[in-house]
Amino acid sequence: MKTWQDIIEIESKKEYFLELKRKIEEEKKEYTVYPKEKDLFRAFKLTPLDKVKVVLLGQDPYHEENQANGLAFSVDKGVKVPPSLRNLYKELHDDLGIDIPNHGDLSSLAKQGVLLLNTVLTVRKGMAQSHHNYGWQQFTDEIIKTLNDEERPIVFILLGNDAKEKKCLVTNTKHCIIEAIHPSPLSANRGFFGSKIYSKTNEFLKKNNIDPIDFNTINNEVYN
């Protein structure tokens, strides 16, 4: 059975990935790059390929100090909850009535099968989308294609224009695509609020006899 490690090993030998690594190493000589190297592929470690039920796809990592931790939209406990995540929480409350968490750690969702992925996996400190043209999209295309080939139904939640560009890769009719505006404060009021991404996700999973995601585990200290 194919694993994320297999995919990463195959991709890491390709010319585009070697060039991507070279660019990042050059950048690190002069600037700070997020996330830390140990967290670069954290999403794949917490959500193995055969456990993925949902893909929550964003743009690129948070670019301020101590924020990016390898999971899209998530920050470690003790770090101030960023505005995009606050908006994700607001919609969670409005959609499912779940109390708004007092921290930003989404690892409990990752452990349930939510792949928290960005289209680009690194960023320069203080500069959103600074690695947009480095080649990460080719890598994340392969991730989406791999999931598209899975026979079990998977929910793809595409948040924002960068994520929506991956829609063409999800061709397997067994899967479900949910599109919404990015939850950034700059755009959330233009269609993210009221999108009901959480209830739509669980309705699809239940319809396909798959255990729904318990989003309330974010508030459950035992689970975390």
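Here are some questions and answers about the helices and a few loop residues of this predicted model.

User: Before we start, what should I know about the numbering and the model?
Analyst: Residues are numbered from 1 along each chain as its sequence is written. This is a predicted model, where local features need pLDDT of at least 70, side-chain atom pairs count only at pLDDT 80 or more, totals for chains, interfaces and linings use all residues, and side-chain values use heavy atoms, with hydrogens and water left out.

User: Which elements do the buried residues of α6 pack against?
Analyst: Buried means under 20% relative accessible area, exposed over 50%, and partly exposed in between (1.4 Å probe, protein chains only). The buried residues of α6 include Trp136, Phe139, Ile143 and Leu147. Counting contact as heavy atoms within 4.5 Å, their partners are α1 (4-12), α2 (15-28), α3 (42-46), β2 (54-58), β3 (114-118) and β5 (155-159).

User: Which residues of α6 does α1 meet?
Analyst: The axes of α1 and α6 come within 11 Å and cross at roughly 145°; axes are lines fitted to C-alpha atoms, for helices over the stretch in contact, and angles run from 0 to 180 degrees between N-to-C directions. From α1, the residues taking part are Trp4, Ile7, Ile8 and Glu11. On the α6 side they meet Phe139, Glu142, Ile143, Thr146 and Leu147.

User: Are α2 and α6 parallel or oblique to each other?
Analyst: Their axes come within 9 Å and cross at roughly 130°. Angles under 35 degrees count as roughly parallel, over 145 as roughly antiparallel, 65 to 115 as roughly perpendicular and the rest as oblique. The α2 and α6 pair is therefore oblique.

User: What do the buried residues of α8 pack against?
Analyst: Helix α8 spans residues 197-207, and its buried residues include Ile197, Tyr198, Phe204 and Leu205. Those buried residues pack against β2, α4 (83-96), β5 and β6 (176-180).

User: Is Glu151 buried or exposed?
Analyst: Glu151 sits in the loop between α6 and β5. Leaving aside neighbours within four places in sequence, Glu151 is in contact with Asn172 and Lys174. At 52% relative accessibility, Glu151 counts as exposed.

User: Is the peptide bond from Tyr34 to Pro35 cis or trans?
Analyst: Pro35 belongs to the loop between β1 (33-34) and α3. With omega near -5°, the bond from Tyr34 to Pro35 is cis.

User: Is Phe73 buried or exposed?
Analyst: Phe73 lies in the loop between β2 and α4, and its phi is near 75°, a positive value in a residue other than glycine. Its relative accessibility is 6%, so Phe73 counts as buried.

Terms used: Helix = DSSP H or I, 4+ residues; strand = E, 2+ residues; numbered from the N terminus.
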